[in-house]
Each structure stands twice: as C-alpha cells, then as structure tokens.
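This report describes a sheet and the parts of the chain around it. Please look at the model first, then read on.

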Amino acid sequence: MTTTPSVLFVCVHNAGRSQMAAGFLSHLAGDAIEVRSAGSAPADSINPAAVQAMAEEGIDITAQTPKILTTDAVQASDVVITMGCGDTCPIFPGKSYRDWVLDDPAGQGVEAVRPIRDEIKTRVEALIAELTSQPTTR
C-alpha cells in the first residue's frame with residue numbers, strides 16, 4: 001500500500017512564498033502529493049503581486065486565504081518547509097524539516113516577485129521528483 005506524501009509550506013504571513021509554493025505543488029503534482037500552507041502570523045489576504053506572478057504561470061491562487069499554523073497541520077504532514085518563519089514551527093519526531101531561504105515578497109511589486117516565484121518553482125519541481133520519483137512535465 002502506498003500513501004500519498006504530504007507537504008506543509010510555512011511562512012510568516014502565508015500570503016506570498018508559501019502560497020506560491022502550494023500553488024506550484026498542487027498544479028504540478030496534482031493528486032500525487034497532499035498540499036498545505038500556513039503562517040505563524042497570517043496576513044488578512046494574499047499578496048496581490050504573488051497572485052499576479054502566479055497568474056503569469058497559469059496558476060490561479062485567488063481563492064486561497066492565509067491560514068494560521070496549527071500543531072495539527074504539522075503533525076499531518078510528512079515534509080514541513082519553512083520560509084523565513086524561524087523557530088515558530090513546532091517540531092515533531094519523524095517529520096522532514098527544510099528551510100528554504102527566499103526573499104520576502106511582502107510589499108514588493110510583481111517585478112521583484114517574479115524571481116522569487118521562479119526560485120520556488122525550481123525547488124518545488126525538485127521536491128516533486130524527490131517525493132514521487134517522477135519528472136514534472138507540465
């Protein structure tokens with residue numbers, strides 16, 4: 001029996017980096033990987049520049065809303081990827097923790113967000129290959 005791997009993306013506001021990463025993972029992996037995202041101090045809404053940058057890639061994240069990081073979300077995930085939230089993420093044995101050092105798109109225009117988006121896409125593609133042993137071809 002195979003189980004679907006699950007990934008939790010965490011950043012402070014859950015409005016930019018983690019939302020873009022979740023959008024790419026959902027789009028590129030489909031149902032092969034369960035996707036969650038959360039923030040240690042969620043914003044009121046998604047960063048409009050992140051929404052625009054993702055739309056340029058054909059991915060609509062407008063329906064997403066920033067969510068608070070919960071212990072349950074961490075416990076339910078196999079891989080927890082933090083993006084600038086420091087030590088606010090609870091640690092549980094048996095989880096794979098990774099820290100992706102990425103610039104914060106908060107307050108940035110879409111021109112500044114595009115390179116962050118592109119770096120996230122590259123990392124998500126590598127993550128998919130690692131978790132599914134399948135190349136991404138979308």
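In this predicted model, strand β3 (79–83) is mostly covered, since five of its five residues are buried. Which residues of β3 point one way, and which the other way? Val79, Ile81 and Met83 point one way from β3, while Val80 and Thr82 point the other way; all are buried. In a regular strand, side chains alternate between the two faces of the sheet.

Strand β3 has a partner on each of two strands. With β1, β3 pairs in the parallel sense, over five bridges, and Met83 in β3 stands opposite Cys11. With strand β4 (residues 96–99), β3 also runs parallel, joined by four bridges. There, Val80 stands opposite Tyr97 of β4.

Strand β1 (residues 6–11) also pairs with strand β2 (residues 34–39) in the parallel sense, over six bridges. Between these two strands the chain passes through helix α1 (residues 17–29), and this β-α-β crossover is right-handed. Val10 has Ala38 in β2 as its bridge partner, and Cys11 has Gly39 in β2. The pairings are listed below.

| Strands | Sense | Bridges |
|---|---|---|
| β1 and β2 | parallel | six bridges |
| β1 and β3 | parallel | five bridges |
| β3 and β4 | parallel | four bridges |

Together, the four strands form an open sheet in the order β2-β1-β3-β4, with parallel pairing. Which are the edge strands? They are β2 and β4, each of which pairs on one side only. From one strand to the next, the twist averages 20°.

Helices pack on this sheet. Helix α1 touches β1, β2 and β3, and its direction makes about 160° with that of β1. Helix α4 (residues 110–132) touches β1, β3 and β4, and its direction makes about 155° with that of β1.

Ser77 is in the loop between α3 (71–75) and β3 (79–83). Is Ser77 buried or exposed? Its relative accessible area is 0%, so Ser77 is buried, the cut-off being under 20%. A polar atom of the Ser77 side chain lies 2.7 Å from the backbone oxygen of Ala73. Apart from neighbours within four places in sequence, Ser77 is in contact with Ser6, Val7, Leu8, Arg36 and Lys95. Of these contacts, Ser6, Val7 and Leu8 fall in β1 (residues 6–11), and Arg36 falls in β2 (residues 34–39).

Methods: Residues numbered from 1 in each chain as written. Predicted model: local features only at pLDDT ≥ 70, side-chain atom pairs only at ≥ 80, totals over all residues. Heavy atoms only, no water. Pairing = 2+ DSSP bridges. Right-handed = clockwise from strand over helix to strand, strands pointing away. Buried < 20%, exposed > 50% of the residue type's maximum accessible area, 1.4 Å probe, protein only. Polar contact = N/O pair within 3.5 Å; in protein donor to acceptor, adjacent residues only side chain to side chain. Contact = heavy atoms within 4.5 Å. Axes fitted to C-alpha atoms, helices over the stretch in contact; angles between N-to-C directions.
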